Amino acid sequence: MKYIKTDKAPKAIGPYSQAVLLDNGTLFVSGQLGLDPQTMELKQNINEQTIQSLKNIENILNEAGYKKNNIAKVTILLKDINDFNTVNEIYNSFFEQHKPARSTFAVKELPKNGLVEIEAIAFK
């Protein structure tokens with residue numbers, strides 16, 4: 001097992017890794033908020049936070065030698081289910097023709113009062 005870490009994604013805000021790569025090629029990317037990795041501040045709104053969350057995931061994937069097309073499963077946590085369509089549009093643009101399996105849940109709160117958190121599982 002290998003721990004993946006990059007300065008191009010926010011440092012962990014708790015006792016966890018940005019991602020863990022198993023010997024069988026499975027990569028588990030921890031939930032990413034819309035945090036700017038340089039400032040560790042949340043972006044302003046759901047659009048910006050979703051875009052940043054996906055950028056953070058892509059940067060972690062790249063550090064591990066993976067691409068977004070290696071993602072098989074995504075979980076999205078939303079503070080407000082009314083943001084579902086907005087997040088869906090951004091998500092669709094990010095993945096283009098690649099369509100990983102996905103679950104989306106509305107939750108009461110997210111760390112740092114975030115609006116969206118996205119995690120991913122990738123394979124090679």
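The legends below describe close-up views of a predicted model.

Residues are numbered from 1 along each chain as its sequence is written, and side-chain values use heavy atoms, with hydrogens and water left out. Because the model is predicted, local features need pLDDT of at least 70 and side-chain atom pairs count only at pLDDT 80 or more, while totals for chains, interfaces and linings use all residues.

**View 1. The largest nonpolar core.** This core has 26 residues; a nonpolar core is a set of buried Ala, Val, Leu, Ile, Met, Phe, Trp, Tyr and Cys residues joined through side-chain atoms within 4.5 Å. Buried means under 20% relative accessible area, exposed over 50%, and partly exposed in between (1.4 Å probe, protein chains only). Strand 2 (19–21), strand 3 (27–33), helix 1 (46–64), strand 4 (71–78), helix 2 (84–95) and strand 6 (116–122) each give two or more residues to the core. Helix 1 supplies the largest share, six residues. Helices (H or I, at least four residues) and strands (E, at least two) are DSSP runs, numbered from the N terminus. Ile71 is among the residues with the most contacts inside the core. Not counting residues up to four places away in sequence, Ile71 touches Ile57, Leu61, Phe95, His98, Pro100, Ala120, Ile121 and Ala122, where contact means heavy atoms within 4.5 Å.

View 2. Val87, Ile90, Tyr91, Phe94 and Phe95 are buried in helix 2. These buried residues fall within an arc of 125° seen down the helix axis, so they line one face; the arc is that of the directions from the axis to the C-beta atoms. On the other side, Asn85, Glu89 and Ser93 are exposed. The cover over the buried residues includes helix 1, strand 4 and strand 5 (101–106). Glu96, which follows helix 2, has a positive phi near 55°.

**View 3. Strand 3 and its partners.** Six of the seven residues of strand 3 are buried. Strand 3 pairs with strand 2 in the antiparallel sense over three bridges, pairing being counted if DSSP finds at least two bridges between two strands. Five bridges join strand 3 to strand 6, also antiparallel. Phe28 of strand 3 stands opposite Val20 and opposite Ile121 in strand 6.

**View 4. A salt bridge.** Lys43 forms a salt bridge with Asp36, with the closest N and O atoms 3.6 Å apart; the term denotes a side-chain nitrogen of Lys or Arg within 4 Å of a carboxyl oxygen of Asp or Glu. Lys43 counts as partly exposed at 29% relative accessibility, whereas Asp36 counts as buried at 16%.
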